[in-house]
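Here are a few exercises to work through with the model open beside you. Try each task yourself before reading its solution.

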Amino acid sequence: MLELVGSTPLVRLRTPGGENAAALYAKLEYLSAGGSVKDRIGLHMIEQAERDGLLRPGGTVVEATSGNTGAGLAMVAAAKGYRAVLVVPDKTSAEKIATLRGFGAEVVVRRSGLPAEDPENVFNTAARIAEERPGSWLAGQYDNPANPGAHYATTGPEIWRQTDGRITHLVACVGTGGTISGTGRYLKEVSAGAVRVTGADPAASVYSGGDGRPYFVEATGHVRHPETVEDVWPTSYQQDVVDELLPVSDREALLTVRQLAREQGLMVGGSAGLAVAAAQRVAAGLGPEALVVVILPDSGRQYLSKYFNDAWLLRLGFLDGEEGGPRVGDAVASAVREEPLPYVNRLSTADEALTALRALRDLGLPPVAPAGPCPVGPGRAPTVPELAGSLSLDVLATAVAEGALKPDDLVRDHLGAPLPHFGVGERADTALVELEESGAELAVAVRDGHGVALVGRSALRALL
Ligand SMILES: Cc1ncc(COP(=O)(O)O)c(C=O)c1O
């Protein structure tokens with residue numbers, strides 16, 4: 001079993017760049033035994049811990065993981081007779097969680113999007129479990145040298161051999177940074193510095209200069225919660241190896257995923273779509289002598305309920321919808337252009353929130369706003385995961401008048417339920433029925449995963 005980790009094939013991709021484009025090859029990590037690039041580090045980290053005496057027979061492997069590292073660790077643990085406890089954020093796809101349980105691991109689910117200092121976030125929970133359970137070892141992929149070490153020892157040499165030393169450019173995602181650091185370092189050393197290394201990064205990720213707000217491509221990049229005091233980057237990410245980082249939007253990554261499946265027969269995950277989108281940019285114009293290798297971390301079959309599900313994509317505004325009847329976007333067309341979605345930070349005081357809501361009323365807008373953990377600011381459209389609740393002028397003013405809330409109190413403990421949301425490409429008639437059934441008057445219209453405007457029942461009705 002363990003000999004089937006890694007040794008994955010390279011396959012040539014068609015590129016849109018024409019004659020001037022470099023040859024582009026994809027390394028298919030989903031063909032490793034456990035189904036992802038993370039098998040390599042699962043095996044390598046466990047064997048290093050055995051050598052260091054940190055993991056002994058009958059011991060337990062513990063890790064905070066978005067799924068693939070968990071599958072790699074759980075598979076290796078099962079094959080070697082260890083127990084595994086894996087802590088995953090609740091945004092992890094159901095398929096990934098079922099896989100971990102299938103390998104016999106215990107899965108602990110914790111809320112995503114908690115600040116680094118929150119004792120209940122996935123990392124602090126995993127560290128606590130490893131401390132409390134005798135015989136446990138915390139794998140710690142973010143800061144374990146055996147993570148980049150696995151790629152230095154295996155992924156890099158495989159690519160060098162498979163391309164007969166002709167590789168000129170490497171493109172990979174950056175999550176823990178293990179893949180790009182280990183593979184990139186090996187390829188730079190063996191080529192005397194000739195191989196250029198590009199990181200593909202979600203546009204909102206802080207690695208490439210984004211503000212760290214949540215995004216929809218799973219398991220790569222680095223999110224920063226606005227309430228996190230100190231933003232710590234993993235030491236598995238060795239920045240000196242990376243020559244440049246290319247930001248890629250969720251839309252471009254997800255549309256690339258669908259294109260790869262439909263036009264090239266490759267069903268891969270969101271981070272693979274992101275990496276290929278960046279690699280196509282790198283390959284364009286390099287000339288036919290160059291040879292670009294892009295690492296595709298996992299299979300699309302883990303994301304059938306998301307990236308390959310039209311209903312999911314439509315609801316988040318990643319698809320424009322079919323031609324024909326009126327769509328939600330038609331109801332908000334003017335608002336989308338002229339008014340950014342009003343939005344209140346959940347750390348605002350009651351006084352600040354009342355001022356913001358009265359300003360909306362005075363503009364003739366509904367005096368209701370979504371609320372969540374991002375700073376308020378012009379043009380700062382919150383992403384769907386940030387739509388944590390809602391505030392209404394009536395409810396808030398009454399709470400202050402009755403003394404339930406003082407003007408200086410934070411509104412975070414007084415939020416109403418989140419408003420429903422619809423993608424701009426969804427049909428207006430079905431959205432209206434759903435809105436009426438929900439009991440809400442207003443919904444957030446969403447484009448590319450971001451709230452762009454409020455849309456009311458009457459605006460939808462007027463289209464029909
Ligand atoms: C699907 C997927 N893509 C990309 C990455 C990022 O790889 P790395 O952590 O080596 O930077 C991961 C890591 O978990 C992953 O699971």
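## Exercise 1: Around the ligand

By class, the ligand's shell holds five nonpolar, seven polar and two charged residues. Keep in mind that this is a predicted model.

**Task.** Find which residues are closest to the ligand, and look up the polar atoms that lie by its oxygen and nitrogen atoms.

**Solution.** 
1. Start with the surroundings: the ligand has 14 residues around it, and the closest are Lys38, Gly175, Thr176, Thr179 and Ser271.
2. Look at the backbone of Gly175, where a polar atom is 2.6 Å from an oxygen atom of the ligand.
3. Turn to side chains. Thr179 has a polar side-chain atom 2.5 Å from a ligand oxygen atom, while a polar side-chain atom of Ser271 lies 2.6 Å from a ligand nitrogen atom.
4. Finish with the area: the ligand taken alone exposes 390 Å², and the protein buries 97% of that.

## Exercise 2: Aromatic pairs

**Task.** Work out how the rings of Phe216 and Phe318 are arranged, then do likewise for Tyr303 and Tyr307.

**Solution.** 
1. Searching the whole structure gives nine aromatic pairs.
2. For Phe216 and Phe318, the ring centres are 5.8 Å apart and the planes stand at 80 degrees, so this pair is edge-to-face. The cut-off used here is that planes over 60 degrees apart count as edge-to-face.
3. Now place these two residues in the chain. Phe216 sits in the loop between strand S8 (196-202) and strand S9 (244-248), and Phe318 in the loop between helix H9 (310-315) and helix H10 (328-331), so the pair ties together parts 102 residues apart in sequence.
4. For Tyr303 and Tyr307, the centres are 4.8 Å apart with planes at 20 degrees, so the pair is stacked.
5. Tyr303 is buried because its relative accessible area is 2%, and Tyr307 is buried too, at 0%.

## Exercise 3: The largest nonpolar core

**Task.** Find which residues of the largest nonpolar core touch the most other members, and which element gives the most to this core.

**Solution.** 
1. The core has 48 residues, of which Val171, Val292, Val294 and Leu296 touch the most other members.
2. Next, list suppliers. Elements that each supply at least two residues include strand S2 (23-28), strand S7 (169-173), helix H7 (250-264), helix H8 (270-283) and strand S10 (291-296).
3. Among the contributors, H8 gives the most, with nine residues.

Notes. Residues numbered from 1 in each chain as written. Predicted model: local features only at pLDDT ≥ 70, side-chain atom pairs only at ≥ 80, totals over all residues. Heavy atoms only, no water. Phe/Tyr/Trp six-rings, centres within 6.5 Å; stacked < 30°, edge-to-face > 60°. Helix = DSSP H or I, 4+ residues; strand = E, 2+ residues; numbered from the N terminus. Buried < 20%, exposed > 50% of the residue type's maximum accessible area, 1.4 Å probe, protein only. Near = heavy atom within 4 Å. Polar contact = N/O pair within 3.5 Å; in protein donor to acceptor, adjacent residues only side chain to side chain. Areas by Shrake-Rupley, 256 points an atom, 1.4 Å probe, with all protein chains shown as cover. Nonpolar A, V, L, I, M, F, W, Y, C, P; charged D, E, K, R; others polar. Core = buried A, V, L, I, M, F, W, Y, C linked by side-chain atoms within 4.5 Å.
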